[in-house]
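The following report describes how two chains are arranged and how they meet.

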There are 2 protein chains.
Amino acid sequence: MPAVMRNMNLISRCQGLYRAARLSEDTLKSCHHGFVLAICAHPGESQDFLAEHLCLNKSTVARSLGTLEASKLIRREVHAEDRRVTLVFPTEQMLSLYPRVREIARDWNRLITEDCTEEELTLFLSVLERMAKRARTVAKEGKETV
Amino acid sequence: MPAVMRNMNLISRCQGLYRAARLSEDTLKSCHHGFVLAICAHPGESQDFLAEHLCLNKSTVARSLGTLEASKLIRREVHAEDRRVTLVFPTEQMLSLYPRVREIARDWNRLITEDCTEEELTLFLSVLERMAKRARTVAKEGKETV
């Protein structure tokens with residue numbers, strides 16, 4: 001079986017190094033960029049939505065949101081009609097970081113695809129999209145479908 | 001610019017959930033699987049080699065190795081000829097986890113590629129390999145090549 005993930009995880013870690021080099025803001029840890037992108041694109045969604053959207057454990061999400069809240073990057077609100085639900089909003093401070101985080105993500109995408117032809121990239125992205133759907137399904141089943 | 005990384009990072013996080021569901025050993029945090037694979041495949045290499053190989057900051061590697069050492073999964077040795085170099089060896093305990101970690105990685109790779117034809121996968125992997133090389137280069141340059 002081909003080592004799909006070895007290279008994907010490698011690219012992901014390289015992106016982390018690139019981001020850390022470019023994103024000097026002390027307030028934002030490099031690992032939280034996914035939260036910035038998700039929360040700014042979906043303001044006022046619930047913690048559970050974010051866990052589902054980002055494919056992370058609820059406890060991981062709660063911990064990361066705690067850190068972001070302590071840094072005044074988000075605020076949390078209990079849902080008016082269902083007190084078990086916590087809604088997450090970006091603060092002005094997070095919104096001001098958003099364009100920079102997106103720019104760095106766009107630059108990285110462009111830089112690593114520079115060597116590819118448009119045709120290669122189209123097929124690559126269509127396979128990647130299908131893999132991502134499949135990955136969500138397998139992770140959700142949370143069991144060995146072997 | 002296409003959102004290459006959104007899907008790659010998503011697949012990577014889904015893999016984390018899948019691994020956590022299958023790897024019940026308390027001694028091994030899910031995020032350390034990359035270290036198990038690297039250290040067991042390259043026993044006796046230096047910390048700096050692991051940072052380079054895994055594309056991680058030296059400080060991140062040092063922290064993770066500290067955790068693995070505390071869990072008796074690795075042992076570290078100062079290089080006999082160069083005391084600035086620290087070598088990393090897997091313990092019996094880590095070596096006993098290795099086959100399971102590899103099996104889970106192989107299963108995941110197989111499960112997420114099930115929907116792809118052999119032809120699609122061949123092209124996908126060749127593009128992915130090129131992207132990984134490019135990612136290493138861009139991350140190493142550590143500067144804006146924009």
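## A report on the two chains

A:Arg134 and B:Glu114 form a salt bridge in which the closest N and O atoms are 2.6 Å apart. A:Arg134 belongs to helix H6 (residues 118-141) of chain A, while B:Glu114 is in the loop between H5 and H6 of chain B, so the pair joins two chains. The model discussed here is predicted.

A further salt bridge is formed by the side chains of A:Glu120 and B:Arg130, at 2.9 Å from N to O. The rule finds four salt bridges across the interface of chain B and chain A. Over all chains, a search of the whole structure finds 22 salt bridges. The table sets out the two named pairs.

| Residue in chain A | Residue in chain B | N to O distance |
|---|---|---|
| A:Arg134 | B:Glu114 | 2.6 Å |
| A:Glu120 | B:Arg130 | 2.9 Å |

### The interface

How many residues of chain B are in contact with chain A? The contact involves 57 residues of chain B and 57 residues of chain A. The area buried between the two chains is about 5800 Å², and carbon and sulfur atoms give 70% of this area. Three residues, B:Met5, B:Phe124 and B:Arg134, supply 11% of the area that chain B buries against chain A, which is more than any other three residues supply.

Polar contacts also link the chains: the count is 18 residue pairs between chain B and chain A, with both residues at pLDDT 80 or more. On the side of chain B that touches chain A, the elements giving two or more residues are helix H1 (4-22), helix H3 (47-54), helix H5 (92-112) and helix H6 (118-141) of chain B. H6(B) provides the largest share of this side, with 16 residues. Sorted by class, the side of chain B that touches chain A has 31 nonpolar, eleven polar and 15 charged residues.

### The relation between the chains

The same surface serves both copies, since 100% of the contact residues of chain B recur in chain A.

### The sheets

In chain B, three strands form an open sheet in the order E1-E3-E2, with antiparallel pairing. Why is one side of strand E1 (45-46) and of strand E2 (74-78) of chain B left without a neighbour in the sheet? These strands stand at the edges and each has a single partner strand, so one side of each has no neighbour there. E1(B) pairs with strand E3 (residues 86-90) of chain B in the antiparallel sense over two bridges. In this chain, B:Ser46 stands opposite B:Leu87 in E3(B).

Chain A has an open sheet of three strands in the order E1-E3-E2, and the pairing is antiparallel. Strand E1 (45-46) and strand E2 (74-78) of chain A stand at the edges with a single partner strand each, so one side of each is left without a neighbour in the sheet. Between E2(A) and strand E3 (residues 86-90) of chain A, the antiparallel pairing runs over five bridges. A:Arg76 stands opposite A:Val88 in E3(A).

Technical notes. Residues are numbered from 1 along each chain as its sequence is written. Chains are lettered from A and ligands numbered from 1 in the order in which they are written. Side-chain values use heavy atoms; hydrogens and water are left out. Contact means heavy atoms within 4.5 Å. Buried area is the accessible area (1.4 Å probe) that two parts lose on being put together, summed over both. A polar contact is a pair of N or O atoms within 3.5 Å; within protein, one must be able to donate a hydrogen and the other to accept it, and residues adjacent in sequence count only if both atoms are side-chain atoms. Helices (H or I, at least four residues) and strands (E, at least two) are DSSP runs, numbered from the N terminus. Ala, Val, Leu, Ile, Met, Phe, Trp, Tyr, Cys and Pro count as nonpolar, Asp, Glu, Lys and Arg as charged, and the others, Gly among them, as polar. Two strands pair if DSSP finds at least two bridges between them.
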